[in-house]
Amino acid sequence: MKNEAIYRKSAIFAKLSAGEPCLWRNPAFDPDPATLQDLPLSMTHVVEAEQRLQKFAPLLESLFPELAPSGGIIESRLLPAPDLKEKLPANGAKIDGKLWIKADHDLPVAGSVKARGGVYEVLCFAEELAVAHGLLVPGGDYRDLASPEARELFGKYTVSVGSTGNLGLSIGLIAAALGFQACVHMSVEAKQWKKDRLRRNGVHVIEHDDDYSRAVAAGRASAESDPCGYFVDDENSERLFSGYSVAALRLRQQLQQENVRVDEEHPLFVYLPCGVGGAPGGITFGLRHVFGSAVHCFFAEPVEAPCMLLTLASASEDDLSVYDVGLRVDTEADGLAVARASKFVAQMIQSSVSGVFTVKDERLFRDLYLLEKMEGIRIEPSAAAGFSGPELLCNDPEGRRYIEDHKLEKKMSQANHILWTTGGSFVPAEEYKKFHELGKKLQKQCNS
């Protein structure tokens, strides 16, 4: 077996290979914000991304009418979920503290967590071209990027990306809206309805019979051979990462509006579904800068695709793939169906993420069903990946050890837990009905 030495030296790899859910505490986690100082990005990048998105807001409002209520800002709600808190844990377990939903499944324009980063990167490229060709001047009106002259310029360029689905929607929709030629390389895991939605919006979709990494490689190679090609690199893009990170600034404002304190006595726990790592990594990076040692971020991955856990647990000693430990990426969580994590993201969050846990598909559907039943919210399976996080933290031996190690025992009653949903508002009704019925069946089995 490839990387056998690494595989053998870590007990967690044996658990992953068995395909059983587990919680891994990150030994490299350091709550001291000073550990962020040596990274290639900083809080300055988070603030600059937010400021740039504010400048783009009038343009986005003109392109997408659904953004009129927010004045062109792409943001989701923070929703209390007290009923879900009582029903979510299995086997009589309890969750200490309050439970919230960060509703990125309902982000405007793209309907997923990928909206902030994807839209931001394409807008940055558009701005770059417009300035270089004299179509935008410092202090100018960013709505000029929707002018006939700008659209003529953008139409000469192709924006492409490799995706399992949601990033493709984000990049494809904003690129097409601006007038770019848009091309999305879809991996074998991508759902048909996402491909159909892109095509209806004028995006060229190339379907691959291989996994996410191969789709990304194909997209990258195609863009490199095109002098007018621009590739959005989900594995290495600083622009994507910075765009995702602005969520932390918006969340801080929302928590303040809800009179929720976040400090050493009122810890904040955030549970983020993770695929290649860009979106949860960028959000975690921003949260650690905003809340310091008071925030604890956990990533959630399918038992068949724990690529970030493998990368972090091996301390980046080798280029590990989930295939190397006998897994197959066989999951209904298409947005998380990734075999190899981003090395760039792993480097950026190595000391910032508290841990990673894995979840079976059956639990995804059960939690998806409970969310609709308790809170009236519809999501796709991958968006439910983080829902078992609070239960594991408060009841699993590894979770309780984390609480003890960080002296949080007496603070848990004052804690706030945020389940970060990542996609679902665009799921066709007939597709969602299948999710619902399977989740309902699994919940009945759990209760019996």
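Hi everyone, let's begin with helix α17: its buried residues pack against the strands β1 (23-25), β8 (268-273), β9 (295-302) and β10 (353-359), and also against helix α16 (389-395). Please keep in mind as we go that this is a predicted model.

So which residues of α17 are the buried ones? The helix covers residues 397-405, and the buried ones are Gly-399, Tyr-402 and Ile-403. Around the axis they cover an arc of only 100°, so they sit on the same side of α17. If you have the structure open, that is the side to turn towards you.

Now let's look at the two ends. At the start of α17 we find Asp-396, where a side-chain oxygen comes to within 2.9 Å of the backbone nitrogen of Glu-398. After the helix comes Lys-407, in the loop between α17 and β11 (416-421).

As a reminder, most residues other than glycine have a negative phi. Is Lys-407 buried or exposed? Its relative accessible area is 62%, and exposed means over 50%, so Lys-407 counts as exposed.

You will find Asn-259 in the loop between α11 (247-257) and β8, and β8 is one of the strands that the buried residues of α17 pack against. With 70% relative accessibility, Asn-259 is exposed as well.

Conventions: Residues are numbered from 1 along each chain as its sequence is written. This is a predicted model: local features need pLDDT of at least 70, side-chain atom pairs count only at pLDDT 80 or more; totals for chains, interfaces and linings use all residues. Side-chain values use heavy atoms; hydrogens and water are left out. Buried means under 20% relative accessible area, exposed over 50%, partly exposed in between (1.4 Å probe, protein chains only). Helices (H or I, at least four residues) and strands (E, at least two) are DSSP runs, numbered from the N terminus. The arc is that of the directions from the helix axis to the C-beta atoms. Contact means heavy atoms within 4.5 Å. A polar contact is a pair of N or O atoms within 3.5 Å; within protein, one must be able to donate a hydrogen and the other to accept it, and residues adjacent in sequence count only if both atoms are side-chain atoms.
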